[in-house]
Amino acid sequence: MTIISRNYRLLQDFDAVSRFLTAEYKKSGWGQCMLQPRFEYAHTHPAFNYNRAHRFKLWQDDGEIVALVCFEGDLGEALISAAHGYEFLYDEMLTYAEKELAKVENGQHSLEVSANDTQTALRRVLETRGYTPRWSHPILHYDYAKGFLQRESPKGFTLHTLQEEDDFRKIHTCLWKGFDHSDEPDDDWDCRRQMQSGPHFRQDLTFVIVAPDGEYACFAGMWLDQDNDYAYLEPLATVPEHRRKGLATVILMEAMKRTQAFGATYCIGGSREFYEAIGFERRGTDSGWYKTW
């Protein structure tokens, strides 16, 4: 065992990290490491701070990646992933995260570390180092073996993939309003082009529902891990004026059925009550552990 650590190189290391996350999921399930689709989606999100991605760190054993420290969006947060058998690295990894990924404001440092309930060793380290849990939410899966709810779009609303409908302005408006940023979006349509730039992004697995006025009322993106036979939902949004019409259920059921055709057996979804109401089931709990110094 010869373990070395080094900083992440955005263009050179993305594929190798993706292979590590995919392979580790196959070995030990969702517990130990960040999901590869989550890692990739973060890199294409407009909030991702590319200027600080060089602060990510990799640990390698005889040249093979065995651990990763990164953030999802920006400084102030850390995701700590270690392969099974390398949990002894957690203390070293947390020390590095505190040094390089903490947010500093007015001389005060702060860091939030995500840890799910299977990462018992990481939670012990966090507690020992003075972190306290600030939030928790369920990890939800939809098992395709149970079948899918049969729902139809309201009259005048039509469902399409981005192979059929891919208007960046309409996508931007839908996601801007759907995530309650404000009533009127800015004009940064390029950020939506960026979100379609990931190597595993697929137009045929990304859906919109078009409202009678031609605008997009609902958007759902699916990422497919064909090595591990699961789908990952990100993002799902409905504009405020078209909520409570069943659109999110319609679009999500169709998107899941489409991923099933490509081999997925379940979908990993969000954490809101909506998901449990339509058949997603709890598989664990994720928590955010926070510390200031």
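Residues are numbered from 1 along each chain as its sequence is written. Because the model is predicted, local features need pLDDT of at least 70 and side-chain atom pairs count only at pLDDT 80 or more, while totals for chains, interfaces and linings use all residues, and side-chain values use heavy atoms, with hydrogens and water left out.

The chain contains 8 helices and 13 strands, where helices (H or I, at least four residues) and strands (E, at least two) are DSSP runs numbered from the N terminus. Its C-alpha trace spans about 60 × 45 × 35 Å along the principal axes. For 293 residues a compact globule would have a radius of gyration near 19 Å, and the 20 Å of the chain agrees with that; the radius is taken over C-alpha atoms, and the globule rule is 2.2 Å times the number of residues to the power 0.38. Of the 293 residues, 53% count as buried, a term that means under 20% relative accessible area, with exposed meaning over 50% and partly exposed the range in between (1.4 Å probe, protein chains only). The chain exposes about 13,900 Å², of which carbon and sulfur atoms supply 45%, the areas coming from the Shrake-Rupley method with a 1.4 Å probe and, for residues, with only the protein chains shown counting as cover. Among contacts (heavy atoms within 4.5 Å) between residues at least 6 apart in sequence, 71% join residues at least 24 apart.

Helix 5 (residues 168–178) illustrates the burial: 10 of its 11 residues are buried, so the helix is largely enclosed by the rest of the structure. The buried residues are F168, K170, I171, H172, T173, C174, L175, W176, K177 and G178, and what covers them includes helix 6 (190–194), strand 10 (216–225) and strand 11 (230–238). At the start of helix 5, a side-chain oxygen of D167 comes to within 3.0 Å of the backbone nitrogen of R169, and just after the helix D180 takes a positive phi of about 60°.

V250 belongs to helix 7 (residues 247–260) and is buried, with a relative accessible area of 9%. Apart from residues up to four places away in sequence, V250 touches R151, E152, S153 and I209; the C-alpha atoms of V250 and E152 are separated by 6.2 Å, although the two residues are 98 apart along the chain. H43, in helix 2 (residues 36–44), also counts as buried, at 7% relative accessibility. Leaving aside neighbours within four places in sequence, H43 is in contact with Y8, L10, F14, F48, Y50, F56 and Q194.

The whole structure holds 19 aromatic pairs, and in one of them the rings of F274 and Y275 have their centres 5.1 Å apart and their planes at 70°, so the pair is edge-to-face. Rings of Phe, Tyr and Trp (its six-membered ring) pair if their centres lie within 6.5 Å, with planes under 30 degrees apart counting as stacked, over 60 as edge-to-face and the rest as tilted. F274 is partly exposed, with a relative accessible area of 23%, whereas Y275 is buried, at 4%. Charged side chains also sit over rings, which requires NZ of Lys or CZ of Arg within 6 Å of the ring centre and within 35 degrees of the ring normal: R202 lies over the face of F262, at 4.1 Å from the ring centre, and the charged end of K291 sits over the ring of W293, 5.4 Å from its centre.

Some backbone details remain. The peptide bond from E234 to P235 is cis, with omega near -5°, and P235 lies in strand 11. D62, although not a glycine, has a positive phi of about 50°; D62 lies in the loop between strand 2 (57–61) and strand 3 (64–70) and counts as exposed at 58% relative accessibility. N106, likewise not a glycine, has a positive phi of about 55°; N106 is placed in the loop between strand 5 (103–105) and strand 6 (108–116) and counts as exposed at 86% relative accessibility.

Notes
Polar contact = N/O pair within 3.5 Å; in protein donor to acceptor, adjacent residues only side chain to side chain.
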